Amino acid sequence: MASLYLHCTTTASSSPAPPSSKPHPLLSKPTPFLSHARRNHRHPLRVSASASPNQSDSDSQGKLDRRNVLLGLGGLYGATNLISTEAASANPVQAPELDKCGTATNLNTGEQLDINCCPPITGNIIDYQLPPVYNLRTRKSAHRLTPTEAFKYNLAIERMKKLPEDDPRSFMQQAFIHCAYCNGAYNQPGQGDLDIQVHNSWLFFPFHRWYLYFYERILGNLIGDPTFALPFWNWDNPKGMTIPPIFLDPNAAIYDSKRNPANLTAVVDLGMTGNTDPMQLVTNNLTVMYTEMIRGNADVYDFMGQPYREGTPVSPGPGSSERGSHTALHVFVGDPREPSGEDMGNFYSAGRDPLFYCHHANVDRMWTLWKDVLPSDVVPEKTITDPDYLNASFLFYDENAQLVRVYVRDSIDTRKMGYDLQRIDLPWLDYRPPIQTALARIKKTSSSAPKAATLFPLKLNKVVRFEVQKTKKGKADELLVLEDITVDTTKFLKFDVFVNDEDDNPLELDKAAYAGTYAQVPHKAPKKTSTTSIRLKLTDLYEDMDIADDDTIVVTIVPRHEGPGVTIGGIKIIENPAKA
Ligand code: C2O
């Protein structure tokens, strides 16, 4: 066991200051806990208060073995994103130690702005047991709430805003949860300066599910209604493709003045093309949904996000939903008049807009739909069974202000968590783009695109077009892999990927040539840049364009942000390792 942590103790003791030019937040603002915290890095972590009860030495060993087997089979895509040696511990990311919470940072302003979003610390932590479910809460579309439901929701938020500031259930303390878990306030217990980051990995869905779970229970408690359910912003359906009107009343508790005034009643732009034609936006949106839910994913990690384990760096890779519709709506709502797109447009402030929780209720719904509703031939396995995923843990305050530790494994089934969803039709489910055969062929043969190898690593600052060799080896899915995408985490960044695009009109996405996207919400990360990979399944696209037998494809990458910030290390087409 000790050897598993050798690298951590070494790091902590041999280099007391982090090797970056600016002081680490923990060092720049000493807290009463600081000296204690740094000394404790030498401690064997499992004996601390946040040690997971179900991990013994033999468990850890078992996991190591199992993972090696997976790696050997080549079945664990994403392994290349892990730090090769330091990833050896192969344990779940553990809940933070609250007494070592440091100041979170918003680097997006250019000037150093420290924000204290640490929670109040109370005594003991208990392992949370899901209570027995007698009546399911039903989450409904915010566009379809009855006046009574809308009134109750607003009343609950109003009461939450009136709780004393230091009550962990108060509105601002709840908002701070997002700031602390997403902006570098917490380090991984025992892992030196490695941050905890709940985005851009497989922790994205479960973290936010637990966050909303307690938010909902707190609100229900405040109005004495155990059936209270958070509404979801049904942005995947044309009827829900505007900000729900209940959020627009300036006198309501659920109102927030820091929103983009141009988008208050506009049709949402899930593709972030900047197109302003409402009809085109709707079809773009349905294409984005179809692509991120169905067409672009070859396995569960493509949708959920890449593996993120104890001792490994943040942001191994976001899932298709996170980097797609999820990011788009953060940026759509955030106020461009504010220095960092506050509130929704930046992770540290997103939780200050009640609309954030309504947005995430729909993000959470996407997880449920993907797992339970989509045809099973989309991907073979829809649930991650890796113990490093299932045993990852977080801390929250429950509706009685009790500090609790929760595990990912208890968040897989919403009905066990006591809630269900209003049934609404899914117009994107069959939104397969029309066949583009002829034009795609012509475009391809007449293209004089350079070979990919001559362009990479590629600093993305304009539209680029190049040729990539296909594999054409077997029957497995072919995947377009964009490797070592190095991003400035403090900026909004997005690019779209098209294949053999026949018209090159980047304002329109509703075509077979659209392969997928990368996009991120600005946030703080330890080094200001992070490196990530994504992959896009091409099988259906080949079929839609009748290009399965070609030897090469022409890829177009269209940046949607201004200026630099993205470097793509390489691009290649591989066969799905899980099926090859
Ligand atoms: Cu934690 Cu939508 O962000």
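**Close-up views of a predicted model**

**View 1. Pro457 lies in the loop that runs between helix H14 (437-446) and strand E8 (458-459).** Here, helices (H or I, at least four residues) and strands (E, at least two) are DSSP runs numbered from the N terminus. The model is predicted, so to speak of a local feature requires pLDDT of at least 70 and side-chain atom pairs count only at pLDDT 80 or more, while totals for chains, interfaces and linings use all residues. Residues are numbered from 1 along each chain as its sequence is written, and side-chain values use heavy atoms, with hydrogens and water left out. The bond that joins Phe456 to Pro457 in this view is a cis peptide bond, with omega at about 0°.

View 2. Asp343 belongs to the loop between H10 and helix H11 (347-350).

**View 3. Ala401 and Asn500 have positive phi values, although neither is a glycine.** For Ala401, phi is about 65°, and the residue sits in the loop that separates strand E5 (393-397) from strand E6 (403-407). With a relative accessibility of 24%, Ala401 counts as partly exposed, a class that lies between buried (under 20% relative accessible area) and exposed (over 50%), for a 1.4 Å probe and protein chains only. Asn500, with phi near 45°, is placed in the loop between strand E11 (493-499) and strand E12 (514-520), and at 1% relative accessibility Asn500 counts as buried.

**View 4. Helix H10 (residues 320-333) and helix H12 (residues 354-373) have axes that come within 11 Å and cross at roughly 165°.** The axes are lines fitted to C-alpha atoms over the stretch in contact, with angles from 0 to 180 degrees between N-to-C directions. H10 and H12 are therefore roughly antiparallel to each other (parallel is under 35 degrees, antiparallel over 145, perpendicular 65 to 115, the rest oblique). On the H10 side the contact (heavy atoms within 4.5 Å) is made by Ser321, Ser325, His326, Leu329, His330 and Val333, and on the H12 side by Leu355, Phe356, His359, His360, Val363 and Met366.

**View 5. The axes of helix H5 (residues 147-162) and helix H7 (residues 204-222) come within 8 Å and cross at roughly 95°.** From H5, Tyr153, Ala156, Ile157, Arg159 and Met160 meet Tyr215, Ile218, Leu219 and Leu222 of H7.

**View 6. The largest nonpolar core holds 109 residues, of which Tyr181, Met293, Phe394, Phe396 and Trp428 touch the most other members.** A core is a set of buried Ala, Val, Leu, Ile, Met, Phe, Trp, Tyr and Cys residues joined through side-chain atoms within 4.5 Å. H7 supplies the largest share of this core, 11 residues. If neighbours within four places in sequence are left aside, Phe394 is in contact with Ala95, Tyr181, Val198, Leu203, Pro206, Phe207, Trp210, Val404, Arg405, Val406 and Val408. Another core, of 33 residues, lies apart from this one and includes Phe456, Leu480, Ala513 and Ile568.

**View 7. The whole protein chain has 15 helices and 15 strands.** Buried residues account for 60% of the 580 residues in the protein chain. Among the contacts in the protein chain that link residues at least 6 apart in sequence, 78% join residues at least 24 apart.
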